[in-house]
Amino acid sequence: MLDFIMIGIFIFLPITMVGLTNFSSSVIDQGSEEKL
Amino acid sequence: VITTILSIVITLLVMVLIAKPAGVYLAKAFDYNKTGVDKVFGPFEKILFKLGGIRVVNQTWKQYALALVLANAFMIVLVYFVFRLQGMLPLNPSGNPAMDPTLAFNTAVSFMTNTNLQHYSGESGLTYLSQMIGILFMMFAAPGTALAVAIAFVRALSGKEVGNFFVDLIRAIIRVLMPIAFVVGLIFVTLGVPQTLEPTITANTIEGTTQDIARGPVGAFLSIKELGNNGGGFFGVNSAHPFENPNAISNFIQILLMFLLPTALPFTYGKMVGNIKQGRVLFVSMLMIFVVFLSTALFTEFQGNPRLNELGISHEQGSMEGKEVRFGVGQSIFYALVTTASETGAVNTMHDTLTPIGGMLALSNMLLNTVFGGVGAGFINVIMYAMIAVFLSGLMVGRTPEFLGKKIEGREMKLIAITMLMHPLLIVGASAIALFTPLGTDGISNSGFHGISQVVYEYTSSAANNGSGFEGLGDATPFWNISTGIVMYIGRFFGLVTMLAVAGSLASKKLVPETVGTFRTDSSLFGVILVGTIFIVGALTFFPTLVLGPVAEYLTL
């Protein structure tokens, strides 16, 4: 049982990082007009 | 004391002397144009590229980041199953059982994230197969990954394409980690470190009893443990064990190895962006912080423990509690500060028994995570702080901040801000949860302020991918295994992904011509501002935590 939970976390963590990659990409694409 | 100080100064001088040539070598090793390094390693790499179906094709930053995340995820799962099945697999002469699921999870994540936090003891927790194809494999793959990302990051900063993750990873292993680790591994063996597949031996002592003496393939393990800023010990007591650190020379080599790649990378950066002074400023700034921390820690440890001093016990040798007698206070503290600055996590002394201020400085190295930092990941953090310094300076004088001729705008600062906030969030957030629940507090072995330090140290070490611990903490439970595992994972990959995005964003921008008003980032003034920025951000973020832990302990001792 614990093995399944661990594998679940193994799948969840990389997915969050893939999500972060897409989020970072969208931040870069949208932000060009906001010059500081 | 004078001999100790002299030996430390000599070690630091050697470190400074080899940093630049090592940095220049790294720049050549990862250059996609033909260099002399290709002649030596090219043929081996071609075979590996063919076997892996790798083409030397540039990726976008996003493809690079995804390759990094997914390749690492695959390796973690693979090694998890090795740990879970080790009891049934070969090379298990001592008959060690399988790891339990949460411990296998923690260990797999720990070694793949370059942390090497160990909630097990190597002698009894792992088989030789697990040590070699699990631990040793990841000890090359993890620093190789971070080194690859750091190089890709600098490539993008210098206006070039990001490169290819798989090519860089293989180059990091074949051109940097393997040759050095092989040669130094042989040196360790000649110094008395065992390298054998024979099982634990039983010896008859002169007292007439028997003693089990663990051994194994330690030499190969030890060199990459230090060179790759891994830090996980073959034996439970790590480099305090005579088989893992036999004498003063092995101690000296280990310290040099820990700092070799982190101190070389600023010069690699300088070389790759075409201005070595850019790298030198970063190197000197980090060295200054390190020297201040080291001097303070040495001073406080040589003062001894005030409670014991009051009893009239001689403290000529300093605070010897938890120190390995063979190395004494000086070499123990030097090692402790190097291992936390370089995020290695190898130890030759018990960090839990450092004096409050000594422990606080070891902790601070990991909280800042920029005093050179671990191979690759630490350097990326340094550049992140450099960009923050440029941004703040720009705000103060009312100019658009520029870094290496590229404008830093809102989009980059947004990503830098969330990256900067993630580190304290992981540490303080996870510590708060642990201190709030019995699952966490049950592991604390000290009921005073030091108990808070134990918890904060554990999560700081995890988030900064260091791996050392205040070992008074009873951390071999499912709660600690899972919580530190998640902290290690996010602590590792979050910053790598977001900072790759920042570099990718800067790479796509046009160069802004330099004018008299441009704030130069290769000047000593910039070095001072950078150090100031690191301290201000670090103090604002972590001062309350330090007050509750080591500072309160110091004041009440």
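Before the first pair of helices, one definition: axes are lines fitted to C-alpha atoms, for helices over the stretch in contact, and angles run from 0 to 180 degrees between N-to-C directions. Please also keep in mind that this is a predicted model.

With that in place, take helix α2 of chain B, residues 36-52, and α7(B). Their axes are 10 Å apart, and the packing angle is about 125 degrees. Angles over 145 degrees count as roughly antiparallel and 65 to 115 as roughly perpendicular, so α2(B) and α7(B) are oblique to each other. The crossing is right-handed. On the α2(B) side, the contact uses B:V37, B:D38, B:F41, B:E45, B:L48 and B:F49. Facing them from α7(B) are B:V167, B:I170, B:R171, B:I174, B:R175 and B:P179. By class, that is eight nonpolar residues, four charged ones and no polar ones.

B:R155 sits in helix α6 of chain B, residues 128-157, while B:D168 belongs to helix α7, residues 165-190. The two are 13 residues apart, and the pair links distant parts of the chain. Over all chains, the search of the whole structure gives 16 salt bridges.

Helix α9 of chain B, residues 248-272, packs with helix α12 of chain B, residues 328-341. Here the angle is about 20 degrees and the axes are 9 Å apart. Under 35 degrees counts as roughly parallel, so that is the label for α9(B) and α12(B). Their crossing is left-handed. α9(B) brings B:N251, B:Q254, B:I255, B:M258 and B:F259 to the contact. From α12(B) come B:Q331, B:F334, B:Y335, B:V338, B:T339 and B:A341. The residues of this contact are seven nonpolar and four polar, with no charged.

Third pair. Helix α10, residues 276-302, and helix α19, residues 524-556, both of chain B, have axes 9 Å apart and an angle of about 50 degrees. They are therefore oblique, and the crossing is right-handed. α10(B) supplies B:V281, B:L282, B:S285, B:M286, B:I289 and B:F293. α19(B) supplies B:F526, B:G527, B:L530, B:V531, B:I534 and B:F535. The class count is 10 nonpolar, two polar and no charged.

Now the interface between the chains. The size of an interface is often given as the accessible area lost when the parts come together. Between chain B and chain A, the buried area is about 2700 Å², with carbon and sulfur atoms giving 79% of it. In terms of residues, 35 from chain B and 24 from chain A take part in the contact.

Last item: charge pairs across that interface. How many salt bridges does the rule find there? One. A:D3 and B:R84 have side chains that meet in a salt bridge, with an N to O distance of 2.8 Å.

Notes
Residues are numbered from 1 along each chain as its sequence is written. Chains are lettered from A and ligands numbered from 1 in the order in which they are written. This is a predicted model: local features need pLDDT of at least 70, side-chain atom pairs count only at pLDDT 80 or more; totals for chains, interfaces and linings use all residues. Side-chain values use heavy atoms; hydrogens and water are left out. Helices (H or I, at least four residues) and strands (E, at least two) are DSSP runs, numbered from the N terminus. A crossing is left-handed if the near helix is turned anticlockwise from the far one by less than a right angle, and right-handed if clockwise. Contact means heavy atoms within 4.5 Å. Ala, Val, Leu, Ile, Met, Phe, Trp, Tyr, Cys and Pro count as nonpolar, Asp, Glu, Lys and Arg as charged, and the others, Gly among them, as polar. Buried area is the accessible area (1.4 Å probe) that two parts lose on being put together, summed over both. A salt bridge is a side-chain nitrogen of Lys or Arg within 4 Å of a carboxyl oxygen of Asp or Glu.
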